[in-house]
Amino acid sequence: MKGKTEVLKWSDKEIRNSEGEVVTRLPLVMRLIKIIRMIYKNKVPYSKRNIFVRDNFTCMYCGSQDKGKLTVDHVIPQSRGGKSSFDNCVASCRQCNLDKGNKTPNEAKMYLLKRPYTPTIYEFIRLKMEHYKITEFLKELGVY
């Protein structure tokens with residue numbers, strides 16, 4: 001009613017008033033319109049969790065997907081002036097992070113599977129939807 005969502009699919013259930021008249025049908029699938037803009041404003045916020053989402057919970061050195069053992073690695077180490085940002089951080093398993101230590105990937109002879117980058121808002125939302133398998137659910141409903 002406030003224009004913050006768009007109904008993509010309606011259910012068969014109806015809302016009735018005290019006289020038993022149909023007021024509206026209940027939505028089954030809704031898409032947020034305004035809240036996403038409010039949460040992310042201009043860019044995706046940097047966080048450990050968002051690095052993992054961007055890198056698909058995969059070590060960017062060896063390719064392992066052991067979620068319990070992932071850490072964030074600074075490509076240019078902080079001790080050498082590297083910043084905590086999307087462009088300098090990647091998901092890394094603990095062993096690769098320890099092996100790389102305080103070196104650059106070239107010095108450690110450990111090369112990245114993908115170069116770090118700052119995701120756009122829409123790309124980040126798509127990555128999250130894929131990770132949580134929301135797209136598969138929407139396809140089953142015939143909405144996506």
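**Basis of the entries**

I note that the model is predicted, so that local features need pLDDT of at least 70 and side-chain atom pairs count only at pLDDT 80 or more, while totals for chains, interfaces and linings use all residues. Residues are numbered from 1 along each chain as its sequence is written, and side-chain values use heavy atoms, with hydrogens and water left out.

**Entry: Ser92 and strand β4**

I located Ser92 in strand β4, residues 89-93. Helices (H or I, at least four residues) and strands (E, at least two) are DSSP runs, numbered from the N terminus. I read a relative accessible area of 0% for Ser92, which is therefore buried. The classes are buried under 20% relative accessible area, exposed over 50% and partly exposed in between, with a 1.4 Å probe and protein chains only. I then listed the contacts of Ser92 (heavy atoms within 4.5 Å). Leaving aside residues up to four places away in sequence, Ser92 touches Cys59, Tyr61, Lys69, Leu70, Thr71, Asp73 and Asn97.

**Entry: strand β3**

I turned to strand β3, residues 70-74, and found five of its five residues buried. In a regular strand the side chains alternate between the two faces of the sheet. In β3, I saw Leu70, Val72 and His74 point one way and Thr71 and Asp73 the other way, all of them buried. Strands β3 and β4 run antiparallel and are joined by five bridges; two strands count as paired if DSSP finds at least two bridges between them. I identified Cys89 as the bridge partner of His74 in β4.

**Entry: salt bridges**

How many salt bridges does a search of the whole structure find? I recorded six, a salt bridge being a side-chain nitrogen of Lys or Arg within 4 Å of a carboxyl oxygen of Asp or Glu. Side chains of opposite charge can pair when their charged atoms come close.

I examined Arg31 and Glu6, whose closest N and O atoms are 2.3 Å apart. Arg31 lies in strand β2 and Glu6 in strand β1 (residues 5-16), so this pair ties together parts that are 25 residues apart in sequence. Both residues are partly exposed, Arg31 with a relative accessible area of 43% and Glu6 with 31%.

I next examined the salt bridge between the side chains of Asp73 and Lys100, at 3.4 Å from N to O. Because Asp73 lies in strand β3 and Lys100 in helix α3 (residues 94-100), the pair ties together parts that are 27 residues apart in sequence. Are Asp73 and Lys100 buried or exposed? I found Asp73 buried at 3% and Lys100 buried at 0% relative accessibility.

I also examined Arg80 and Glu107, with closest N and O atoms 2.9 Å apart. This pair links distant parts of the chain, Arg80 in the loop between β3 and β4 and Glu107 in helix α4 (residues 105-108), 27 residues apart. I classed Arg80 as partly exposed at 42% and Glu107 as partly exposed at 44%.

Residues up to four places away in sequence aside, Asn50 touches Val44, Pro45, Phe86 and Phe124.

I found Asn56 in the loop between α2 and β3. Asn56 has a positive phi of about 55° although it is not a glycine, and its relative accessible area of 44% makes Asn56 partly exposed.

I looked up Lys133 in the loop between α5 and α6 (134-141). Lys133 likewise is not a glycine, yet has a positive phi, of about 60°.

I found Thr120 in the loop between α4 and α5 (121-131), partly exposed at 47% relative accessibility. The C-alpha atoms of Thr120 and Lys43 are separated by 6.7 Å, although these residues are 77 apart along the chain.
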